[in-house]
Amino acid sequence: MGNGEIDDDDTQAFQEAINALPMEGGRLEIPPGVYVIKKTLEIKDRRSTQIVGFGFGHVGEETGSILKWYGDDGGTILHLNGFSQSSVERLALDGNAKTA
């Protein structure tokens with residue numbers, strides 16, 4: 001998990017971690033790494049929740065917490081629904097990883 005290899009799919013592990021958050025007051029910390037996401041991550045009905053990465057990394061280096069999209073063209077990495085008084089911080093979302 002988190003090595004950025006296309007054959008790995010970190011989607012299920014992320015969705016399970018999100019689903020395990022309490023309805024109010026949860027915190028999910030995402031360690032540095034490149035995470036392959038192939039299906040939309042859904043965060044629903046959470047309040048006072050924090051999703052926290054470890055920065056964006058630097059150009060040419062992938063040293064932060066990065067979710068890389070390898071799903072269908074035009075897909076969505078992260079869908080928030082009923083996500084109130086909450087935050088997503090220091091997390092890079094890379095929707096341009098897929099090649100034709």
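**T11**

I started with T11, which lies in helix α1; helices here are DSSP runs of H or I, at least four residues, and strands are E runs of at least two, both numbered from the N terminus. This is a predicted model, so I noted the limits: local features need pLDDT of at least 70, side-chain atom pairs count only at pLDDT 80 or more, and totals for chains, interfaces and linings use all residues. Residues are numbered from 1 along each chain as its sequence is written, and side-chain values use heavy atoms, with hydrogens and water left out.

Is T11 buried or exposed? I get a relative accessible area of 9%, so T11 is buried (buried is under 20%, exposed over 50%, partly exposed in between, with a 1.4 Å probe and protein chains only).

Next I looked at what the T11 side chain does. It makes a polar contact of 2.5 Å with the side chain of D9, and it also reaches the backbone nitrogen of K38 at 2.8 Å. A polar contact is a pair of N or O atoms within 3.5 Å; within protein, one must be able to donate a hydrogen and the other to accept it, and residues adjacent in sequence count only if both atoms are side-chain atoms. Setting aside residues up to four places away in sequence, T11 touches V36, I37, K38, K39 and L41 (contact means heavy atoms within 4.5 Å).

I then went to I37 from its own side. Beyond its neighbours within four places in sequence, I37 has contacts that include T11, D9, F14, L67 and W69.

Which residues touch the most other members of the largest nonpolar core? I listed F14, L28, I30, I37, L41, I51 and L67, out of 15 residues in that core. At least two core residues come from each of α1 (11-19), β2 (33-37), β3 (41-47) and β5 (65-69). A nonpolar core is a set of buried Ala, Val, Leu, Ile, Met, Phe, Trp, Tyr and Cys residues joined through side-chain atoms within 4.5 Å.

**Positive phi**

Most residues other than glycine have a negative phi. I found S48 with a positive phi of about 55°, in the loop between β3 and β4 (50-52). S48 counts as partly exposed because its relative accessibility is 29%.

Q85 also goes positive, at about 50°, and is not a glycine. Q85 sits in the loop between β6 (78-84) and β7 (87-89), and at 58% relative accessibility it counts as exposed.

**Confidence**

Last, I checked pLDDT, the predictor's confidence in each residue, from 0 to 100. The chain mean is 88, with 87% of residues at 70 or more.
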